[in-house]
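Trainee: I have a new structure to read. Can you take me through it step by step?

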Amino acid sequence: MRFAAFGEVMLRLSPPEYLLLDQTNELRMDYTGTGVNIMANLAQFGYRTFLVTVLPDNRLGQVAKSAIAKYGINTELLQFAHHHIGSYFAENGYGQRPTQVTYQNRHHSSFGVSSHEAYDFDAALAVNDLIHICGISLSLTDETRSAAHDLAKRAAEAGKKVCFDFNFRPSLNTEPNKLAFMKEQYEMILPYCDIVFGSTRDLTDLLQMQRTENEDDLIRSFMETYQIEWFAGTKRVSAGTQKQLQGFLYNRKEQAVSTSRELTILDRIGAGDAYAAGVLAGYADNWSLADTVEFATMNAVLAHTIHGDVPLTTKEQVLTVLENPGIDLIR
């Protein structure tokens, strides 16, 4: 199976170690984003992956292209226009201090000002089996919304699988009555989707579905309403001071919940994308739901131990840790 992702490439600027911005004059630069993270991880797993986006037509765009290629992502579908790249500062948390992310310039980035007319969606659909669309595109601008809706519709009509994540970012949406507006945007795209990543909170707070005593009933109702093939997500829980991660995965007939895995957090940004990549690997290879959710959850756990957003795990690494709990040396 070949994968393509539609979404923004961002420049992440991080102080070294666990320093605050106030404490340093140095910043690490990484090119990242939901699509980059998932496609890079799937490339590590051995799949052919593409990125569908618009980069600045300048030095920053060329450097971003090189970074994307380094991750093993095919760059043939990249477009170049305008002059800005979305960026954010990430101050890594430590102990009780949470990681803090500060966005800048996303609405006016090359991706943010590019509508569906900027892309060659026909080429993307011709060479790929599954299209991942990042939900953040619905929160950015009219241009990114038009492109996301157009791609989802065309992919579904072409018989391609459409994968979508809710990824709702209230801070990015500037529309009046934004909750009602965003509900409408999500309701427009979901009928074209086959695989959805989200949470029950997305269903009740964003789609305003009726809460039920049983979460399974709520999820089943959502899947039936939009004819979703797979619905997946994670839950973060705590056992005392120990944080844990648990994944869940539903199809039309059954569901699976992973073992709760203890977390050691070096950098948590991008861990959700690692979970998504793990689920998509299971989908591509026809694994059982139980095997898929265990693999995806462990992949996300390992992503917490890697600096930066991009999960650089391999299938072999994830399976080795799953099969050998407590292993601390691989030769």
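Mentor: Start with contact, which means heavy atoms within 4.5 Å. Keep in mind that this is a predicted model.

Trainee: Which residues is Ser-87 in contact with, leaving aside its neighbours within four places in sequence?

Mentor: Ser-87 touches Met-10, Leu-11, Thr-102, Tyr-103 and Gln-104. Ser-87 itself sits in strand 7, residues 86–91.

Trainee: Is Ser-87 buried or exposed?

Mentor: Buried means under 20% relative accessible area. Ser-87 has 6% relative accessibility, so it counts as buried.

Trainee: And how should I read Ala-118?

Mentor: Ala-118 has a relative accessible area of 31%, which makes it partly exposed. Its place is in the loop between strand 8 (100–104) and helix 3 (121–127). Not counting residues up to four places away in sequence, Ala-118 touches Val-54 and Gln-79.

Trainee: How do I read the faces of a helix?

Mentor: An α-helix has 3.6 residues a turn, so residues three or four places apart point the same way. Now look at helix 2, residues 59–70. Its buried residues are Gly-61, Ala-64, Ala-67 and Ile-68. Seen down the axis of helix 2, they fall within an arc of 120 degrees, so they line one face.

Trainee: Which exposed residues does the face of helix 2 turned away from its buried side carry?

Mentor: That face has Arg-59 and Lys-70.

Trainee: What covers the buried residues of helix 2?

Mentor: The cover includes strand 3 (28–32), strand 4 (48–52), strand 5 (54–55) and strand 6 (79–80).

Trainee: How many residues of helix 10 are buried?

Mentor: The count is 13 of 15, so helix 10 is largely enclosed by the rest of the structure. From first C-alpha to last, helix 10 reaches 21 Å, close to the 21 Å expected at 1.5 Å a residue.

Trainee: How is the packing of two helices described?

Mentor: Two packed helices are described by the angle between their axes and the distance between the axes. Take helix 10 (residues 289–303) and helix 11 (residues 315–323): the angle is about 100 degrees, and the axes are 10 Å apart. That makes helix 10 roughly perpendicular to helix 11.

Trainee: Which residues meet there?

Mentor: Helix 10 brings Glu-294, Phe-295, Met-298, Asn-299 and Leu-302. Helix 11 brings Lys-315, Gln-317, Val-318, Leu-319, Val-321 and Leu-322. In this contact of helix 10 with helix 11, seven residues are nonpolar, two polar and two charged.

Notes: Residues numbered from 1 in each chain as written. Predicted model: local features only at pLDDT ≥ 70, side-chain atom pairs only at ≥ 80, totals over all residues. Heavy atoms only, no water. Axes fitted to C-alpha atoms, helices over the stretch in contact; angles between N-to-C directions. Helix = DSSP H or I, 4+ residues; strand = E, 2+ residues; numbered from the N terminus. Parallel < 35°, antiparallel > 145°, perpendicular 65-115°, else oblique. Nonpolar A, V, L, I, M, F, W, Y, C, P; charged D, E, K, R; others polar. Expected span 1.5 Å × (residues − 1). Buried < 20%, exposed > 50% of the residue type's maximum accessible area, 1.4 Å probe, protein only. Arc of directions from axis to C-beta.
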